[in-house]
Amino acid sequence: LINTLGNAKVASQRIEERVAVQEKTQAEISETRKFYMPVAFRSSAQFFVVADLASIEPTYQYSLEWFVGIYLAAIDHAEKGRGEARLKNLNNEFTFRLYNNVCRSLFEKDKLLFSLLLTVKMLGHDSELNHAQMMLFFQAGGGGGILSRPKPQVVWMSDAMWSRILEAEKLGGMFEGLATKFEQDLPGWQKVFDSDIPTEEKWPGGLHEKMGPLERGLIILAIRPDGTVRIMQEMIRAKLGDRFLSPPPFSLESCYADSKPEVPLLFVLTMGADPMSELMNLAVTKDAKDGVRTVSLGQGQGPKATAAINEGFGTGAWIVLQNCHLATSYMPTLEGIVENFEANMDTISPQFRLWLTAMPDPNLPVSVLQNGIKMTVEPPKGLKANLIRAYLAYDPQWFESSTKPHTFKKMLFGLSFFHALILERRKFGPLGWNIRYEFSDPDRHISSAQLKMFLEE
């Protein structure tokens, strides 16, 4: 009995020690969780920015699972640090990683908008946003109706311009007495109005230096609405940095690196776009060219597509289903196949990939849109971005294989620059080209191949 009581006492002491250790561990976990909560709150705010993009295009849909995957990758790749430095590194890494992943699935026209939405959300989260000013900015400066104060009699000022100035004055703060300040120095404001870059012109009363980016945006919106894009870029630069103004160039290699056998890859097409040449080049570099099987969807092609996918599971082939938007009746079947990928992982080869091409369409499978890797196929904006994309598309071995390297590389740059130039000229309509033509990537690819052929022969 004495021995039993002694053993019970020893066991009781050990249990108490373990409970004390567990309580200490639980307190440390709770403290660590509390320390990282600001990162979680900030990241969750960004998820709602991404979720709202679906109201712009039906293809802009992203799942929470996809979002969490980016979050976990950011934790693994963020620069190490201690204390507040670690939190800052996590926030920066996640925000930029999210920006890169979303941008490759956005059309060029929406990338600046996405950066602006991220900026506004982060300003609000950090309690740096004046909501009244932002609402007026999104309402194009307001105004309209009967003027509450007579407009100065100057030729360059319109009624709409003066109306926006009066609306901004109602905000108070830096805008207190704005109309009076305008009337007191009309020649100074005319210089801003006449300037090629009004955001860089010296403003009367030093207002440019005293105001924040959003406040300056309301002034520019009032007197020079054409400078709104530049002031939006200033807002993004001030909050997030320059890198959120330069979308990453499209790289099929990086998209493939992020893919898995159970994750489909979707090319969202624009008129005249054809990603097949780039896809075949990637297949060559991955030793998968002989395993690429293409099915162009249309009437009666559904069973062939299903058979190809089932066959690809075992052989590790790349299955390419083209023009999914033309086979709306097959989309529910495709959605069911994709949803069962994870359940059949034991039978799917690690080399298997499912590639899809489609124009934007509301009938595309939601599971593919939300969980797949989406890539928009269209020329980027700007000469620099187009040149970078062109050179990324050239195979390094082909690029270095010419017997006349100096001449070839010089002429290839001229060809690439000309292609980038005519892509930019399209935005001017009839002033750019009388006959609308897409000048697609296959055009550049064929021209570069002919250039090398003529030069070698």
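**Reading the inside**

Reply: Start with H10: 10 of its 11 residues are buried, so this helix is largely enclosed by the rest of the structure. Buried means under 20% relative accessible area, with over 50% exposed and partly exposed in between (1.4 Å probe, protein chains only). Helices are DSSP runs of H or I, at least four residues, numbered from the N terminus. This is a predicted model: local features need pLDDT of at least 70, side-chain atom pairs 80 or more, while totals for chains, interfaces and linings use all residues. Residues are numbered from 1 along each chain as its sequence is written, and side-chain values use heavy atoms, leaving out hydrogens and water.

Me: What covers the buried residues of H10?

Reply: The cover, counted by contact (heavy atoms within 4.5 Å), includes H5, H6, H7, H8, H9 and H11. Among the residues tucked away are Glu215 and Arg216, along with Leu218 and Ile219.

Me: Which residues have the most contacts inside the largest nonpolar core?

Reply: A core joins buried Ala, Val, Leu, Ile, Met, Phe, Trp, Tyr and Cys through side-chain atoms within 4.5 Å. Here the largest has 85 residues, with Phe114, Ile165, Ile309, Leu321, Tyr330 and Leu354 the best connected inside it. H10 (213-223) gives the most to this core, seven residues. A second, separate core of 20 includes Leu252, Phe267, Val292 and Trp355.

Me: What does Leu321 touch?

Reply: Skipping residues up to four places away in sequence, its partners include Ile309, Tyr330, Leu354 and Trp355.

Terms used. Helix = DSSP H or I, 4+ residues; strand = E, 2+ residues; numbered from the N terminus.
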